[in-house]
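I opened this entry to keep track of what I looked up in the structure.

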Amino acid sequence: MADIDSALQILSRNNYKLTKQRKELLKYLYQFQIEYINVSQVDEFMRQLYPKMSHNTIYRNIRDFNRLGIVEMQTRQGVLQVKYQCDFDHFHHHHFICTNCGKVRELDECPMEQFERQLPGCRITGHRFEIYGICDECMQKFKNR
Ligand SMILES: [Zn+2]
Ligand SMILES: [Zn+2]
Ligand SMILES: [Zn+2]
């Protein structure tokens, strides 16, 4: 599971000062565990709280959080989005994303092994893998209509 304390520990372990801005940013992002939010909305929220905080600082903090595994990021139709880490015990994981409600579910398995076998002699440096569809909750709603 993902809580705020784990994120604070990661920050201090990496010598990031736990400023009230960073804590506020974390607390806000924490609300988005099962769905992505546009980074521009996060920026807007922070600027309301701290009008003197620059866009650059806000974006840099979000990117730092991403590098440390505290948040997950993606680009969707050219829009940068962010969500809180699903699972601090398994930084590396994949998602099922519902195209109807936008909810994100963590997947347990990584399919990379299968592909590695098809690439003998290559050095793989990264991968992305996502499954899209309609989640069970939305399927229920459709059925009951
Ligand atoms: Zn995740
Ligand atoms: Zn859904
Ligand atoms: Zn993987």
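The model is a predicted one, where local features need pLDDT of at least 70, side-chain atom pairs count only at pLDDT 80 or more, and totals for chains, interfaces and linings use all residues. Residues are numbered from 1 along each chain as its sequence is written, and side-chain values use heavy atoms, without hydrogens and water.

Entry on domains. I noted domain 1 (4–88) and domain 2 (92–143) in the protein chain; such bounds come from an automatic or database domain assignment. Their C-alpha centres lie 23 Å apart. Ten residues of domain 1 are in contact (heavy atoms within 4.5 Å) with eleven residues of domain 2. I looked up the buried area, which is the accessible area (1.4 Å probe) that two parts lose on being put together, summed over both. Between the two domains this area is about 810 Å², and carbon and sulfur atoms give 50% of it. Strand E2 (residues 71–76) supplies three residues, the largest share of the side of domain 1 that touches domain 2. Helices (H or I, at least four residues) and strands (E, at least two) are DSSP runs, numbered from the N terminus.

Entry on salt bridges. I counted a side-chain nitrogen of Lys or Arg within 4 Å of a carboxyl oxygen of Asp or Glu. How many salt bridges does this rule give? The count comes to five, with zero between domain 1 and domain 2.

One of them joins Lys83 and Glu72 at 3.0 Å, N to O. Lys83 is in strand E3 (residues 79–84) and Glu72 in strand E2, eleven residues apart. Lys83 counts as buried because its relative accessibility is 0%, and Glu72 is buried at 9%.

Another joins Arg105 and Asp136 at 2.9 Å, N to O. Arg105 lies in strand E5 and Asp136 in helix H6, so the pair ties together parts 31 residues apart in sequence. Arg105 is partly exposed at 41%, and Asp136 is partly exposed at 46%.

Entry on Arg22. I found Arg22 in helix H2 (residues 20–30). Arg22 is buried yet has no salt bridge. Which side chain of opposite charge is nearest to Arg22? I noted Asp64, 5.0 Å away; Lys and Arg count as positive and Asp and Glu as negative, while His and the chain ends are not counted.

Technical notes. Chains lettered and ligands numbered in written order. Buried < 20%, exposed > 50% of the residue type's maximum accessible area, 1.4 Å probe, protein only.
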